[in-house]
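Please walk through this structure with me, stopping at its disulfides, its helix contacts and its backbone geometry.

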Amino acid sequence: MIPHALPQRAHFGRASLAFLGGLALVATGGLAATAGPTYSNSSNNTSEKLRTAVSVDRVAAHLDALDTIALAHGGTRMSGTQGYNDSVDYVVGKLQASGYKPVVQPFTFPFFQELSPSVLAQTSPEPQVYPAGSFATMTYSGAGDATGPIITVDTTGAVGSTGTSGCEAADFAGFTPGSIALMQRGSCSFAQKASNAEAAGATAAVIFNTGLPGSTGPIAGTLSAPGIGIPVLGASYEVGTGLMGDNVTGQVSTDTISENRETFNVLAETATGNADNVVMVGAHLDSVVAGPGINDNGTGSAAILAVAEAMRKVETVNKVRFAWWGAEEHGLLGAHHYVNDLAASGELARVGLYLNFDMIGSANFGRFVYDGDNSAFPVGPGAAAGPAGSGQIEQDFHNYFAAEGLPSGETAFSGRSDYGPFIARGIPAGGLFTGAEGIKTEEQASLFGGVAGQPYDSCYHAACDDTGNVSIESLDQMSDAIAHLTLTYAMNTSAVNGVGGDEKGNFKQGGPYEGNPLGGGTESGGGLHPEHDHDAELADH
């Protein structure tokens, strides 16, 4: 097994503390990365000046640096790994070089990594190795190699069985320790089934699907948190019922890391501005384990870093706070941690609005704005309500693109990125997204270019999400929009949240934007795969 203990963080000095947003935090010490910025005009206090300073070359240089970090650490920048820690150090170093006093907020999160493919086999009476795709390793499964009898636990295997099947300790009466427990999905959480099996002496657990329409395939489930020490797999209905019977033996093998680890958010804010009306601008810095995460979400992280560098000397009316979130790919955990801490300290009311940028350089991009007024995506299973003021943020982004002669569409507040904890607390939010695994339509291709019938990002959550997976055209357009709206709200948020401020500079706005030119935009809201239900455990009731 590859050693996975995190090395000591050489660049984080813990001698000094900074206070940001009500929290005491630790202050930290293809395209070549560049040094700290220099400006021909140091104020950058108009939209045109700021957008010029936030050049696409500067943003791309940050992406190249993040890609280099990933390549040095097994092709990943996942939270809880050295690749992520080095990404944090990179952002901190660039902020310090620009004159900021960045702070790093540590938090503990449940880390999970599958190091090699799992194995599920029947060894007797009819030997069979089940293929990948017919079963899946449960998130937070323990590691091990178990062989022995497979004992069915309180189920007949009937389609849609309503039995408890492992939900109660009594279900394991007569269970032989050292055996593999076979259970059917339903009635309680996967974690409860696995915990009861482990307590009964099972060396592994297999939980198979119900057989009902839509619930026949392998279960890509989660045990919610580390703590289960035995291998746990989710199997298809066909595989599960095939393992039932007398005198069946088998093998279950998993190679995983499941433990609590420390990771970090990075925050930095302008020296000027109203601290009771903070404009927050955020992007997640972590990748998935499978790849370097350059579009998802190096692009958002690099863009807001370039904006922060260029705004360092701007005298803002409202304080602007930039945030690079950790553990987004594990369930928006960095943003949740930060928002919960602000709420507990009474500081959350000082956040006037939140802007989120998750995937802004998709190779087959769409120009999507979060649907803050729910006009294209009514509140329902795939769309959360935009808090009051979110519709104005949406309008302002559309107006900017219209003024630039660029068509824009809409995407739902799907809960799949770091705006989620903010809108749940009623904070106005908005942002940009250029598409993930969704498929571009003919209408979208006619408006944005690109290829209809293909994903916006064919390397989404994959090893090929590197610098070759980014549209420079999209990155340029989106980073300009980020710069424009960040500076606009740095000067005046009155239209969004009613808080006054003397607007300064030339913030070009187009005429009122009416309607969605795509008639619904895209259903994909960025961030997590839709099958990863991080707020509620998959399955089970």
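In this predicted model, Cys 459 and Cys 464 are joined by a disulfide, with 2.1 Å between their sulfur atoms. The torsion about that S-S bond is about -115°, so this disulfide is left-handed. Cys 459 has 10% relative accessibility, so the residue counts as buried. Cys 464 has 35%, so that cysteine counts as partly exposed.

The disulfide count comes to two. The other pair is Cys 167 and Cys 188, and here too the sulfur atoms are 2.1 Å apart. The S-S torsion of Cys 167 and Cys 188 is about -95°, so this disulfide is left-handed. Where do the two cysteines lie? Cys 167 is in the loop between strand S6 (144–152) and strand S7 (180–184), while Cys 188 is in the loop between S7 and helix H4 (190–199), so the bond ties together parts that are 21 residues apart in sequence. Cys 167 and Cys 188 are both buried. Counting bonded cysteines along the chain, the disulfides follow the pattern 1-2, 3-4.

Now take the backbone around these loops. Most residues other than glycine have a negative phi, and most peptide bonds are trans. Ser 165 is not a glycine, yet its phi is positive, about 40°. Ser 165 sits in the loop between S6 and S7, the loop that also holds Cys 167. Is Ser 165 buried or exposed? Its relative accessible area is 1%, so Ser 165 is buried.

His 461 is another non-glycine residue with a positive phi, about 55°. Its place is the loop between helix H10 (442–448) and H11. His 461 has a relative accessible area of 14%, which is under the 20% limit, so this residue counts as buried.

Peptide bonds come next. The bond from Ser 124 to Pro 125 is cis, and its omega is near 5°. Pro 125 lies in the loop between strand S3 (103–124) and strand S4 (128–129). The bond from Asp 296 to Asn 297 is cis as well, with omega near 5°. Which element holds Asn 297? Asn 297 is in helix H6 (residues 294–310).

Strand S4 deserves a stop of its own. Val 129 belongs to S4. With a relative accessible area of 64%, Val 129 is over the 50% limit, so this residue counts as exposed. Setting aside neighbours within four places in sequence, Val 129 is in contact with Leu 120 and Ala 121. Val 129 also lies 9.0 Å from Gln 251, C-alpha to C-alpha, although the two are 122 residues apart in sequence.

Turn to helix packing, with H2 as the guide. How do H2 (residues 56–71) and H3 (residues 82–97) cross? Their axes come within 9 Å and cross at roughly 150°. That angle is over 145 degrees, so H2 is roughly antiparallel to H3. The crossing of H2 and H3 is right-handed. On the H2 side, the residues in contact are Ala 61, His 62, Ala 65, Leu 66 and Ile 69. On the H3 side, they are Gly 83, Asp 86, Ser 87, Tyr 90 and Lys 94. By class, the contact of H2 with H3 has five nonpolar, three polar and two charged residues.

H2 also packs on H11 (residues 472–491). The axes of H2 and H11 are 9 Å apart, and the angle is about 115°. The range from 65 to 115 degrees counts as roughly perpendicular, so H2 and H11 are roughly perpendicular to each other. The crossing of H2 and H11 is right-handed. Which residues of H2 meet H11? They are Val 56, Val 59, Ala 60 and Leu 63. Their partners in H11 are Ile 472, Leu 475, Asp 476 and Ser 479. The residues of the contact of H2 with H11 divide into six nonpolar, one polar and one charged.

Note on methods: Residues numbered from 1 in each chain as written. Predicted model: local features only at pLDDT ≥ 70, side-chain atom pairs only at ≥ 80, totals over all residues. Heavy atoms only, no water. Axes fitted to C-alpha atoms, helices over the stretch in contact; angles between N-to-C directions. Helix = DSSP H or I, 4+ residues; strand = E, 2+ residues; numbered from the N terminus. Parallel < 35°, antiparallel > 145°, perpendicular 65-115°, else oblique. Left-handed = near helix turned anticlockwise from the far one by under 90°. Contact = heavy atoms within 4.5 Å. Nonpolar A, V, L, I, M, F, W, Y, C, P; charged D, E, K, R; others polar. Disulfide = S-S within 2.5 Å. Buried < 20%, exposed > 50% of the residue type's maximum accessible area, 1.4 Å probe, protein only.
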